[in-house]
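Here are some notes for a colleague who is opening this structure for the first time. Please keep the sequence beside the model while reading.

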Amino acid sequence: MTKINDIETAKRTIDKEIEALRMMENGLNGSLSEALDVLEKVEDRVIVTGMGKSGHIARKIAATFASTGTPAFFVHPGEASHGDLGMITEKDAVIAISNGGESKELSDILVYCKRYGIPLISITKNPNSSLGRAGDILLSLPDDGEACPLGLAPTSSTTATLVLGDILAVCLLERKGFTKLDFNRRHPGGKLGAMLQKVSDLMHKGDEMPLVHEDTSMQEVLLVMSSKMLGCVGIINAAGELIGIITDGDLRRWMSPNIMQQTAREIMTQNPKSISPDALASEALGIMNSTGKGITQLFAVVDKKPVGLIHIHDCLRTGVA
């Protein structure tokens with residue numbers, strides 16, 4: 001028996017799937033924009049359906065839509081025939097997926113869409129199939145075989161379908177002006193949620209902020225710094241604007257027998273770096289790390305007035321790194 005070279009097989013598989021994607025890329029046409037016009041105008045939800053491997057891809061496409069500003073969910077075609085058709089309304093649009101276009105399980109959904117005038121977008125490699133003919137809009141998959149050497153296991157076809165779903169999601173995201181803040185609202189958990197937290201989500205505010213007036217004695221400054229335990233004190237002027245900062249490092253640099261007779265204004269570092277409370281916490285961490293001076297805290301300001309303080313430990317504790 002000839003020994004199989006796994007690396008060669010892997011590369012051949014990759015090349016075959018890339019070939020399918022290139023073929024799909026070259027075949028893109030006005031139908032894509034037509035489909036996006038329909039999906040963008042959906043009043044309720046986008047229903048994505050498919051059977052077998054197409055169903056697995058359909059679930060992922062629906063999840064990607066939902067997380068990027070287009071309400072969507074997956075309906076199993078088998079369950080649809082036993083009551084779940086009621087989940088599809090006239091304000092929805094349906095994306096039905098079948099590589100060959102003849103999945104019999106989809107037939108009831110196709111008939112239902114036609115009966116109630118629900119927009120149907122077909123994704124298949126066969127435009128003359130039942131699914132291809134039934135769709136109001138056809139998005140074609142490349143008809144270039146599978147990466148599977150037997151030509152049977154869905155491989156290239158499912159990759160192409162997955163990428164086509166990503167294309168639709170990304171195009172809709174851009175059309176709708178979907179932002180990082182919108183994304184954050186849909187991803188509150190896990191590492192991704194942590195990276196999308198805003199400064200205002202983590203900052204110390206109100207009485208937690210270490211603030212003193214510029215004429216405050218250093219004796220009082222030390223008391224405030226010790227009680228707030230954030231390693232710094234913000235210095236404000238009569239208008240309440242942040243004009244300086246005193247950190248633990250500043251104290252070490254200025255340490256002398258007469259430091260207690262000086263005022264905050266005499267010791268402070270002027271014009272400290274600051275950030276907006278609406279900025280991402282990851283941006284605050286980037287500022288702290290980019291200075292090269294060991295900054296570990298930033299005041300959040302609005303109209304030059306401090307509204308909060310974010311510490312590097314707050315970022316690390318919540319996974320913003």
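1. Isoleucine 245 has threonine 269 of strand β9 as its bridge partner. Strands β8 and β9 are antiparallel and share 2 bridges; two strands count as paired if DSSP finds at least two bridges between them. Strands (E, at least two residues) and helices (H or I, at least four residues) are DSSP runs, numbered from the N terminus.

2. On the source: this is a predicted model, in which local features need pLDDT of at least 70 and side-chain atom pairs count only at pLDDT 80 or more, while totals for chains, interfaces and linings use all residues. Residues are numbered from 1 along each chain as its sequence is written, and side-chain values use heavy atoms, with hydrogens and water left out.

3. The sheet is open, has 4 strands in the order β6-β7-β8-β9, and its pairing is mixed. Because β6 and β9 (269-270) are the edge strands, each with a single partner, one side of each has no neighbour in the sheet.

4. Strand β7 (residues 232-236) is largely enclosed by the rest of the structure, because 5 of its 5 residues are buried. Buried means under 20% relative accessible area (1.4 Å probe, protein chains only). In a regular strand the side chains alternate between the two faces of the sheet. Here Cys232, Gly234 and Ile236 point one way, Val233 and Ile235 the other way, and all are buried.

5. How do β6 and β7 pair? Strand β6 (residues 211-213) is parallel to β7, with 3 bridges, and valine 212 has isoleucine 235 as its bridge partner in β7. Together with helix α11 (residues 218-228), the two strands make a right-handed β-α-β unit: with the strands pointing away from the viewer, the path from the first strand over the helix to the second runs clockwise.

6. Strand β8 (residues 242-247) runs antiparallel to β7 and is joined to β7 by 5 bridges. Leucine 242 in β8 is the bridge partner of isoleucine 236. The hairpin of these two strands has 5 residues between them, and glycine 240 takes a positive phi near 80° there.

7. Turning to the helices, the axes of α2 (residues 30-40) and α7 (residues 156-176) come within 10 Å and cross at roughly 60°; axes are lines fitted to C-alpha atoms over the stretch in contact, with angles from 0 to 180 degrees between N-to-C directions. The contact (heavy atoms within 4.5 Å) includes Leu32, Leu36 and Leu39 of α2 and Ile167, Leu168 and Leu172 of α7.

Key: Buried means under 20% relative accessible area, exposed over 50%, partly exposed in between (1.4 Å probe, protein chains only).
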